[in-house]
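Open the model in your viewer and switch to a cartoon view. This tour tells you what to select next and what is there.

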Amino acid sequence: MVKVSSSRTALRRKKTKASFLIPCLVVFGVITTSVLFLTAHVSSNLQPASYLAPSNLKKTSSADLSRKKENKATIGYAVSITGCGSDPLSEGAAVLKHSIHQASEKGSYDYKMYAIVHPNGEECGSQLSNLGYTVLIRETPVAVKDIKGDFLREKIESNGCCGEKELIKLEAYTIVQHPIVVHLDLDTLVLKPMDDLFDYMLGKTSDLSKLPVMWQENPLPKEVNALFTRDYNMVHASTKYKPVQGGFLVLRPSMDTYKEFCDIVQEGDFRNGKGWGGVVGPFYGSMTFQGIIPYYYDYLHPDTALELNRCIYNQMCDNPRDQRTIDDVVHGKCRTGELDCEDCRSRPLEDVVTSHFTLCQKPWWCLPQSGERIQERLCRKLHGQWYRIRSDLEASWGRSGEGPGTFDKEQFKGYCNRHGKGGYIPIEKPYGR
């Protein structure tokens, strides 16, 4: 630009001899061409690392680029792996990540994926790096031998699904490079942006009307450091402190909070028949994540968290009452303690933000859920969404987006050969092409 300006100034000056002007213009043209060539060459070699490294997924979209240009906050999403079992971890991880990608494209926040992996699960968990996850190998925050409380130390290894190893979910609090971290189980799915949650936690809005809180009549907390749903199926309706459902937690990361959790576990004040501090528990998994989270937010630090409507977030299609549903008619008392309670199985699919495949069973089990019972209709739709997202993921890699399977092809998109676990057709490697 300086040379162009100088040239324009020169043209306004008195005319010079042609023999002097022509060589100057030639030199200027050569220099300008060289500068433009070098600028383009350097620019092409100074792109961010994500442009240079093989993506393993599809190329960065224009929506992703525009969000980065606008300096939108990046939300951390974490999953935890405690060991290598029979379920195909990579299937859940691949489809979950793509569901988050799709939701983020429609929302205002970027995302980054993490896999918190216990050493027992390193062999299978480390493979998630091929799907775009940052893998964090983490020991249990507190070694069992260091727990002071005798009862907890002796029992925690056989508690819940995964014993003391499930406490690695607490490592999500250490991912402090993000303002918010969402911890999800691998058998979950994100169907819509969670911007309303993020906006509220980050103080961008004080409007609670968009936030589907479970108990609207309760006073608002002073601050919101966590959002979760509860598992009312685990306890009697009269239980004061109910378990948190361990597959969904939106949290504000903090090393101080993490250290306090570690101190709680190390102290080990979990009492036989009475739970944490003699007030929270016992119930399934109460010694680990499902119990320590409500102990922290409900008892030790009340008014710092919100319970969300489990029909919208972490939808599991659970029966809201304590007796069987017969011919779509519910029976018994509400597990929430209400006189009348919502049946999540009747929620329209369009309302669901995240789902959790517990009672519906895993999508990769190839269960058609084709019955006309209330507990099957929504499950079939949610399974259909899982396969829709898998199809879109494979299409984004340049594949057909349709598998060779013939079983209920409209539902399973060609990725099931027959009914049951043995009928599932896994995603072919290498990922991304």
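Select strand E6, residues 226-230, together with E7. The two run antiparallel and are joined by four bridges. Keep in mind that this is a predicted model. Now pick alanine 226: across from it, in E7, stands leucine 251.

In what order do its seven strands come? The order is E3-E2-E1-E4-E7-E6-E10, in an open sheet with mixed pairing. From one strand to the next, the twist averages 25°.

Go to helix H5. H5 lies across E1, E2 and E4, and runs at about 160° to E2.

Now show side chains. The largest nonpolar core has 44 residues. Those with the most contacts inside it are Tyr77, Tyr133, Met194, Leu197, Phe198 and Val250. Elements giving two or more residues to this core include strand E1 (74-81), helix H5 (89-106), helix H8 (195-201) and strand E7 (244-251). H5 gives the most, with five residues.

Centre on methionine 194. What is it in contact with, leaving aside neighbours within four places in sequence? The partners are Tyr77, Val182, Phe248, Tyr313, Val353 and Thr354.

Last stop: another core, of 40 residues, lies apart from the largest one. Select Leu152, Ile168, Ala172 and Tyr296, which are among its members.

Key. Residues numbered from 1 in each chain as written. Predicted model: local features only at pLDDT ≥ 70, side-chain atom pairs only at ≥ 80, totals over all residues. Heavy atoms only, no water. Core = buried A, V, L, I, M, F, W, Y, C linked by side-chain atoms within 4.5 Å. Buried < 20%, exposed > 50% of the residue type's maximum accessible area, 1.4 Å probe, protein only. Contact = heavy atoms within 4.5 Å. Pairing = 2+ DSSP bridges. Axes fitted to C-alpha atoms, helices over the stretch in contact; angles between N-to-C directions.
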